Amino acid sequence: MLSCWVIYNGSLVSDKFEDQAQLVSDAAKRQGITVEIKKNYEIQMSLGEPQQFPDFAILLDKDILLGYFLKSRGVPVYNEPAVIDLCDNKATQYIRLAEQNIPMPQTIVAPKVYPKFSIRNSGYFEGVINKLGLPMIIKEGHGSFGMKVYLIETKNEFFDKVESLSGIDYVFQEFIEHSRGRDIRVNIVGDSIVAAMKRQSDTDFRANITNGGRAFPVELTQDQEQLALDAARAVGAVFAGVDLLYAPDGQTLVCEVNAAAHIRNILNVTGVNVADAMIIYIQEDLA
């Protein structure tokens with residue numbers, strides 16, 4: 001009988017993180033797998049002592065060091081920590097997506113500026129504004145649930161924001177007005193699309209449900225299906241939540257790939273439990 005750890009971050013107070021772990025745990029138990037739900041800090045990353053480990057681990061968190069630690073001890077980790085690492089920083093993710101020719105909004109990775117320093121008078125930022133125009137999106141490298149994503153509409157907002165981000169990885173991105181307040185979330189397991197939903201907000205430029213958006217079932221076009229699959233493959237994710245934007249003329253763009261996507265909302269909207277597909281994939285992968 002296989003054994004596994006389902007890991008979430010114990011420092012986060014919202015119940016949705018424990019709920020995510022419970023959904024995956026229940027799916028594993030339905031397949032006869034012995035499961036332990038663990039908060040990340042309940043696993044001591046002791047580098048000099050032997051420990052007992054499970055047959056595999058599902059890392060529902062961005063504790064990338066824990067993922068690397070488990071893998072160093074011979075534990076298969078889903079997703080791979082290197083994939084979570086890549087996707088956790090939007091700048092590195094967009095570099096990879098562009099390398100693989102994935103259609104996405106025009107994006108510029110901000111240069112590194114150390115805290116308490118500035119390049120405001122260099123002319124660099126004026127070049128960004130000239131290229132992308134206003135409004136534009138500024139995204140911090142690290143952020144989830146639509147947090148740390150800013151709609152910048154004026155030059156004053158722009159310069160205030162970039163000055164506040166010294167020492168932080170971030171990107172400038174074209175604002176897709178046609179997709180204001182709406183997107184598509186596609187959940188992928190392996191090489192298959194398991195479920196999809198349309199998200200829409202009437203009050204925010206972001207469609208995230210956490211920010212007040214609503215969700216509905218959606219039927220993907222063949223092009224949207226292929227784009228979502230291509231995006232997940234580009235970053236190497238076997239479990240992915242791919243967010244798609246509506247572009248003009250019926251085109252679709254990739255907003256981002258989430259390597260630790262939550263699955264409760266898509267279960268509520270579509271009735272599809274993505275966790276069941278995740279567990280079946282892992283069993284076949286380990287066989």
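**View 1. Six bridges tie strand β9 (residues 182–189) to strand β12 (residues 239–246), and the two run antiparallel.** Here Val186 stands opposite Val242 in β12. Two strands count as paired if DSSP finds at least two bridges between them; strands (E, at least two residues) and helices (H or I, at least four) are DSSP runs, numbered from the N terminus. This is a predicted model, in which local features need pLDDT of at least 70, side-chain atom pairs count only at pLDDT 80 or more, and totals for chains, interfaces and linings use all residues. Residues are numbered from 1 along each chain as its sequence is written, and side-chain values use heavy atoms, with hydrogens and water left out.

**View 2. Step back to meet an open sheet of five strands, ordered β11-β10-β9-β12-β13 with antiparallel pairing.** At the edges lie β11 (214–217) and β13 (252–258), each of which pairs on one side only.

**View 3. A cis peptide bond leads from Tyr78 to Asn79, with omega near -15°.** Look for Asn79 in the loop between β4 (77–78) and α3 (81–88).

**View 4. Another cis peptide bond, with omega near 0°, runs from Leu134 to Pro135.** Pro135 sits in the loop between α5 (124–132) and β6 (136–140).

**View 5. Lys148 is not a glycine, yet has a positive phi of about 65°.** This residue belongs to the loop between β6 and β7 (149–152). Lys148 counts as partly exposed because its relative accessibility is 41% (buried means under 20% relative accessible area, exposed over 50%, partly exposed in between; 1.4 Å probe, protein chains only).

**View 6. Asp249, also not a glycine, has a positive phi of about 65°.** You will find Asp249 in the loop between β12 and β13. With a relative accessible area of 76%, Asp249 is exposed.
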